[in-house]
Amino acid sequence: MASNLQTQGLAIVIMGVSGSGKSTVCEMLAKSLGCNFIEADDYHSQANKEKMSRAIPLNDEDRVPWLEALSGAIRKYMMNGETLTLTCSALQNKYREILRSADPNYKPGNYTTCRVKFVCLVAPAEVIAERIKIRSNDGKHFMPATLLQSQLDLLQINEDEQINKIDATLKLQSIVDSILLLIKGLELQQ
Ligand SMILES: Nc1ncnc2c1ncn2[C@@H]1O[C@H](COP(=O)(O)OP(=O)(O)O)[C@@H](O)[C@H]1O
Ligand SMILES: O=C(O)[C@H](O)[C@@H](O)[C@H](O)[C@H](O)COP(=O)(O)O
């Protein structure tokens, strides 16, 4: 779907557990929108990457500096009036709040007016586990399949956050098209 949306200064975060398709979908979305793209994995410290490679889940002490760095990067684009798409697991509201704080006008809990928006990719655990298994053969990714359950255990979305969930078992282009439609809806609200 070609897009000429007026998405100035919006940050679209594609969230979900490891293997749900964030990086793949987000990159396609950025191309469709002709906007900036941030891969959250690129912002992890070496220590975080090593920890995950050893199949040890990150804790809040590991996550907070990572999320704050991402928030800083989002803010830079936002202050320039630029739109970006971003991958981030963002499994809990406390982590999403750090990303939302990139919007200088954000008041905690004012989800509707915040210019950092989330779309969550969801799929059955077996589908995701299979994807992680296949991906692990590429020798590049540090996230082992054994960490999936800890991510599924943490994932929580509150009703009032009004985060759109997308079926991640669909074809990639259908997922991207659905997200483009959602963004169009968001623009109409602005
Ligand atoms: N909708 C989809 N259909 C089929 N395969 C997919 C889909 N989305 C992602 N994949 C594949 O699943 C694997 C994990 O996707 P990835 O984008 O790396 O997930 P994440 O960034 O959430 O960890 C990749 O090998 C990717 O090609
Ligand atoms: O794309 C993925 O495979 C995952 O999203 C992963 O690479 C991510 O960076 C970690 O999941 C961050 O840690 P938490 O999700 O545990 O916060």
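The shell around ligand 2 in this predicted model comprises 6 nonpolar, 5 polar and 4 charged residues. In this division, Ala, Val, Leu, Ile, Met, Phe, Trp, Tyr, Cys and Pro count as nonpolar, Asp, Glu, Lys and Arg as charged, and the others, Gly among them, as polar. The shell holds 15 residues, of which Ser-18, Asp-41, Arg-63, Ser-89 and Gln-151 come nearest to ligand 2; a residue is near if one of its heavy atoms lies within 4 Å.

Polar contacts (pairs of N or O atoms within 3.5 Å) involve several of these side chains. A polar side-chain atom of Arg-63 lies 2.5 Å from an oxygen atom of ligand 2, and for Gln-151 the distance from such an atom to a ligand oxygen is also 2.5 Å. For Ser-89, a polar side-chain atom is 2.6 Å from an oxygen atom of ligand 2. On its own, ligand 2 has 400 Å² of accessible area, and the protein covers 96% of this (Shrake-Rupley method, 1.4 Å probe).

Ligand 2 sits in the largest pocket, in the sense that more than half of its atoms lie within 2 Å of the pocket's grid points. A pocket is an open set of points on a 1 Å grid over the protein atoms alone, where a 1.4 Å probe fits, with protein on both sides within 12 Å along at least five of seven lines; lining residues have an atom within 4 Å of a point. Helices (H or I, at least four residues) and strands (E, at least two) are DSSP runs, numbered from the N terminus. By class, the lining has 17 nonpolar, 12 polar and 6 charged residues.

The second largest pocket has a volume of about 280 Å³. Among its 17 lining residues, Lys-117, Glu-161, Gln-162, Asn-164 and Leu-186 lie nearest the centre. Strand E4 (116–122) and H7 each supply at least two residues of this lining, which divides into 10 nonpolar, 4 polar and 3 charged residues.

Residues are numbered from 1 along each chain as its sequence is written, and chains are lettered from A and ligands numbered from 1 in the order in which they are written. Local features need pLDDT of at least 70, side-chain atom pairs count only at pLDDT 80 or more, and totals for chains, interfaces and linings use all residues, while side-chain values use heavy atoms, with hydrogens and water left out.

Methods
Points joined across faces, edges and corners; volume = space filled by probe spheres on them. Polar contact = N/O pair within 3.5 Å; in protein donor to acceptor, adjacent residues only side chain to side chain.
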